[in-house]
Amino acid sequence: MKLWGGRFSKSTDAAVDDFNSSIRFDSRMYKQDIRGSQAHAKMLGKQGIIPEKDAELIVKTLGEILADIEAGKVEFTIDAEDIHMNIETILIERIGDVGKRLHTGRSRNDQVALDNKLYLRDESEELKSMLEDLQKIILELAEENLETIMPGYTHLQKAQPITFAHHIMAYYEMFSRDLSRLADWRKRMNILPLGSGALAGTTYPLDRAFVAEQLDFDGITRNSIDGVSDRDFICEFAFVLSMVMVHLSRFSEEIILWSSNEFGFVTLDDAYSTGSSIMPQKKNPDVAELARGKSGRVFGSLMGLLTMLKGLPLAYNKDMQEDKEQIFDALDTVKMCLPVFGGMLATMKINKDVMLIGAKGGFTNATDVADYLVKKGLPFRDAHAVVGKMVAYCLDTNKVIDSLSMDEFKVFSELFDEDIYTAISLETCVNLRKIPGGPAMETMKAVIEGYKNK
């Protein structure tokens with residue numbers, strides 16, 4: 001008989017058992033389930049709700065069950081439905097009626113809410129470490145390329161000269177925000193739901209603050225209905241994961257472009273590339289393409305979670321069992337992408353000469369020509385118009401601004417002098433942009449050092 005089967009007169013249909021069961025995917029929370037049960041048992045004994053010796057035996061036996069699970073000696077069953085009832089069933093098999101006391105004062109509703117929080121909190125630490133590892137790779141690449149000039153783009157059209165360090169440090173900032181979101185998520189998530197019962201708490205004198213302290217929570221939920229029905233923390237975690245994938249996907253798109261023959265800015269290492277079964281010359285950026293593609297999978301999990309929750313009345317509903325497969329898959333996907341993406345980044349060759357040639361084309365120093373005229377006293381809008389005419393002239397004559405003679409410069413404005421050539425060199429264009437946030441070498445060097453020493 002099932003642990004909840006007292007009021008039923010017949011067994012559950014086998015197909016319903018299979019449909020209803022979540023052990024296939026929630027078994028990964030066994031550590032968190034046991035840890036939460038041990039804290040609950042300690043509290044029950046401390047409060048005199050169950051005998052102290054029974055609490056001690058429960059805690060000890062749960063520890064033994066944990067060791068046996070990790071040694072591969074335990075086989076979970078669909079009949080017991082989920083990880084919570086599987087472990088409780090094993091406990092009862094081992095210590096009999098004493099094991100039946102564990103569930104006093106709690107419901108699977110508040111138990112699963114607790115396990116979800118404990119599991120995602122543990123996983124968030126690994127996610128944080130992975131993001132920080134990726135940032136270290138970005139910092140190293142940036143430090144090696146402080147003087148590597150490349151074209152910056154808007155609308156995928158060449159815009160202004162920047163450095164490769166400046167460009168990839170933009171992704172460092174994105175991943176920093178992801179880490180900040182993760183830290184904010186933890187603040188809101190880290191509140192103990194155990195003690196909410198099925199939805200209305202319990203008449204037992206539970207010490208919820210004691211359990212919160214045992215499990216490293218910052219406080220306890222203040223409404224038992226919300227305690228069991230809240231899945232905001234799962235949706236928010238899925239959003240954090242989605243933003244990580246947005247950033248990985250954008251970075252991937254650029255690497256795919258940069259590694260193409262048309263750009264040639266980078267060369268991917270053979271260990272992080274694949275070939276074609278028919279075209280022997282091919283070297284494909286599959287790691288970047290898969291990271292870009294898998295972003296949709298993670299976004300889908302977020303949408304699945306939001307859609308599942310949007311019409312649910314309070315408090316707990318079985319629909320909420322669907323939260324786990326969505327968040328587990330999203331988490332697994334991100335954890336798969338981050339290290340292999342980092343490896344691709346760390347081994348990629350930067351083709352500095354090609355980047356420099358790219359920066360010399362497309363009139364990337366046109367804004368600096370306008371700024372030169374402004375500094376000579378011309379209003380910016382007039383300077384903008386002058387340089388626009390110069391660009392049109394260069395396009396008609398197949399020239400670049402740097403190659404114009406002084407006589408040609410003077411045709412457009414008498415304000416031009418010999419110092420224009422220095423003023424619009426790519427090195428000058430980059431290194432005079434030394435305000436905070438700019439691409440100048442001294443600015444970027446200070447930013448990188450600041451992040452390295454934080």
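Predicted model: local features only at pLDDT ≥ 70, side-chain atom pairs only at ≥ 80, totals over all residues.
Let's start at Glu-81. Glu-81 sits in the loop that runs between α4 (52–70) and α5 (83–95). Phi of Glu-81 is near 75°. That is a positive value, and Glu-81 is not a glycine. Is Glu-81 buried or exposed? Glu-81 is buried, with a relative accessible area of 3%.

Next, the helix that follows this loop. α5 has 13 residues. From first C-alpha to last, α5 reaches 18 Å.

Look at the start of α5. A side-chain oxygen of Asp-82 comes to within 3.2 Å of the backbone nitrogen of His-84. Now look just past the other end. Gly-96 takes a positive phi there, of about 65°.

How many of the 13 residues of α5 are buried? The count is 10, so the helix is mostly covered; buried here means under 20% relative accessible area. The buried set is Ile-83, His-84, Met-85, Asn-86, Ile-87, Glu-88, Ile-90, Leu-91, Ile-92 and Ile-95. What covers them? The cover includes α2 (23–26), α3 (30–46), α4 and α6 (108–144).

One general point on helices. An α-helix has 3.6 residues a turn, so residues three or four places apart point the same way.

Phe-363 is another non-glycine with a positive phi, at about 55°. Phe-363 lies in the loop between α13 (352–360) and α14 (366–375). Phe-363 is buried as well, at 17% relative accessible area.

Then there is a cis peptide bond. That bond runs from Leu-314 to Ala-315, with omega near 10°. Ala-315 belongs to the loop between α11 (286–309) and α12 (322–347).

Last topic: cysteines. How many disulfides are there? The count comes to 0. Cys-394 counts as buried, at 1% relative accessibility. Cys-429 is buried too, with a relative accessible area of 1%.

Terms used
Residues numbered from 1 in each chain as written. Heavy atoms only, no water. Helix = DSSP H or I, 4+ residues; strand = E, 2+ residues; numbered from the N terminus. Buried < 20%, exposed > 50% of the residue type's maximum accessible area, 1.4 Å probe, protein only. Expected span 1.5 Å × (residues − 1). Contact = heavy atoms within 4.5 Å. Polar contact = N/O pair within 3.5 Å; in protein donor to acceptor, adjacent residues only side chain to side chain. Disulfide = S-S within 2.5 Å.
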